[in-house]
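Here are my notes for a first reading. Please keep the model open beside them.

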Amino acid sequence: MAEKAQKLSAFVWEGKDRKGNTAKGEMNGTNLALVKAQLRKQGIIPQKVKKKAKPLFGGSKKVTPFDIAMFTRQLATMMKAGVPLVQSFDIVMDGLENKGLQELVAAIRNDVASGTSFAGALRQHPRHFDDLYCNLVDSGEKAGALEEMLDKIAHYLEKTELLKKKVKKAMTYPIAIIVVALIVTAILLIKVVPQFESLFQGFGAELPIFTQMVVRLSDWMQAWWFVVLLGIVGTLYLFKEANRRSQKFSDVMDRVVLKVPVVGEILDKSAVAKFGRVLATTFAAGVPLVDALDSVSGATGNAVYRDAIQKIKDEVSSGTQLQTAMRHADVFPAMAVQLTAIGEESGNLDEMLSKVADHYENVVDDMVDNLTALMEPVIMAVLGVLVGGLIIAMYLPIFQMGQVVG
């Protein structure tokens, strides 16, 4: 059973070591008494122990999944070199620049030094270490192969974070350009078009229809821009909250997004890659296939694959082969199913699943590059239509007036 997570606080202390020398430092703990007890275990006689004052501005830097991947890789390297676990924490901690990560590692190190298992220490920080991570570490500790398990976890995290980065790139690039285009258009409508409008009033002639449409749109934007802004911000906020609070809404969006051209295919292939990577890592760690599938279902990041993997788990539990259950799910590509079948028949399932992950990670990489190359001319065309259209609308009356004068 996982140990109950308790809030840790930073304490500053002063005391005497075994030789009678004055020592001081910082330590994380759940309360004052436990911190003093930990100090005594380390041979320190505490004289002053108090909670560390929090800074008025700023604070600890956020710990990202990439930071956790880096920490795991460094710890795996230290342990493979024969450095004891607690000493490995000290060495890794000294090289960290992220204060938040440093505090996290210090808290884990102190828990392990006071007799808690590594997996138990990790479970006290569920925000940074999920059940999959903790269970794999637990398996490594019990099997006496913690350094090998940490190496596998580090490899899994590095590949997963790289894949997330690629998918994020595919999603954010076009969105960012569209947002910039809309902002530029709004500025032109609110600030630039009114200048031309005052000029047109002195012409005395009827304006072209296209120019009239732009002028009316500019007048409307000047009067209601704050409503438009609030509407956009409110819609985004409501969408985010609905996606976070409503499982049904989130599941519907997961299904819809897979049907979006190009982007949906990238997300689809990335889910297959995650399936292969997580299942290969857990199965290689000695986790039974049914339990491994339970961990995988929540790691793919999409409701369609989550539900499909749950069905696969039920079929595998009743004696069906993994490859057959994957075919029945009807969401996995033929190559993924065939490689899984080869792995089952040859007894190298974890190796074949790693190949599935490698292949589809490369596919996602190529698709993201192609999308970026494809989006550049499309974005230029959109910007040209929006900005160029406004410029043409403003200069049409001037061109007409020039022709009349000529």
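1. Helix H10 (residues 263-284) is mostly covered: 19 of its 22 residues are buried, meaning under 20% relative accessible area, where exposed is over 50% and partly exposed lies in between (1.4 Å probe, protein chains only). Helices here are DSSP runs of H or I with at least four residues, numbered from the N terminus.

2. This is a predicted model, in which local features need pLDDT of at least 70, side-chain atom pairs count only at pLDDT 80 or more, and totals for chains, interfaces and linings use all residues. Residues are numbered from 1 along each chain as its sequence is written, and side-chain values use heavy atoms, with hydrogens and water left out.

3. The length of H10 agrees with expectation, because its 22 residues should span 32 Å at 1.5 Å a residue and its end C-alpha atoms are 32 Å apart. The expected span is 1.5 Å times one less than the number of residues. After H10 comes Gly-286, with a positive phi near 90°.

4. Helix H6 covers residues 131-143. Its 13 residues reach 18 Å from first C-alpha to last, close to the expected 18 Å. Gly-144 follows H6, and its phi is also positive, near 75°.

5. Which residues of H6 are buried? They are Leu-132, Tyr-133, Cys-134, Leu-136, Val-137, Asp-138 and Gly-140. Their cover includes H10, along with helices H2 (65-80), H5 (118-122), H7 (146-200) and H11 (289-297). Contact means heavy atoms within 4.5 Å.

6. Now a helix pair. H3 (residues 85-94) and H4 (residues 99-113) pack at about 165°, with axes 10 Å apart. Axes are lines fitted to C-alpha atoms, for helices over the stretch in contact, and angles run from 0 to 180 degrees between N-to-C directions. H3 and H4 are therefore roughly antiparallel, the term for angles over 145 degrees.

7. From H3, Leu-85, Val-86, Phe-89, Asp-90 and Met-93 take part in the contact. They meet Gln-102, Val-105, Ala-106, Ile-108, Arg-109, Val-112 and Ala-113 of H4. By class, that contact has nine nonpolar, one polar and two charged residues. Nonpolar covers Ala, Val, Leu, Ile, Met, Phe, Trp, Tyr, Cys and Pro; charged covers Asp, Glu, Lys and Arg; the others, Gly among them, are polar.

8. Last, Arg-255, which sits in helix H9 (residues 247-257). Is Arg-255 buried, exposed or partly exposed? Arg-255 counts as partly exposed because its relative accessibility is 37%. Leaving out residues up to four places away in sequence, Arg-255 touches Val-304 and Asp-307.

Methods. Helices (H or I, at least four residues) and strands (E, at least two) are DSSP runs, numbered from the N terminus. Angles under 35 degrees count as roughly parallel, over 145 as roughly antiparallel, 65 to 115 as roughly perpendicular and the rest as oblique.
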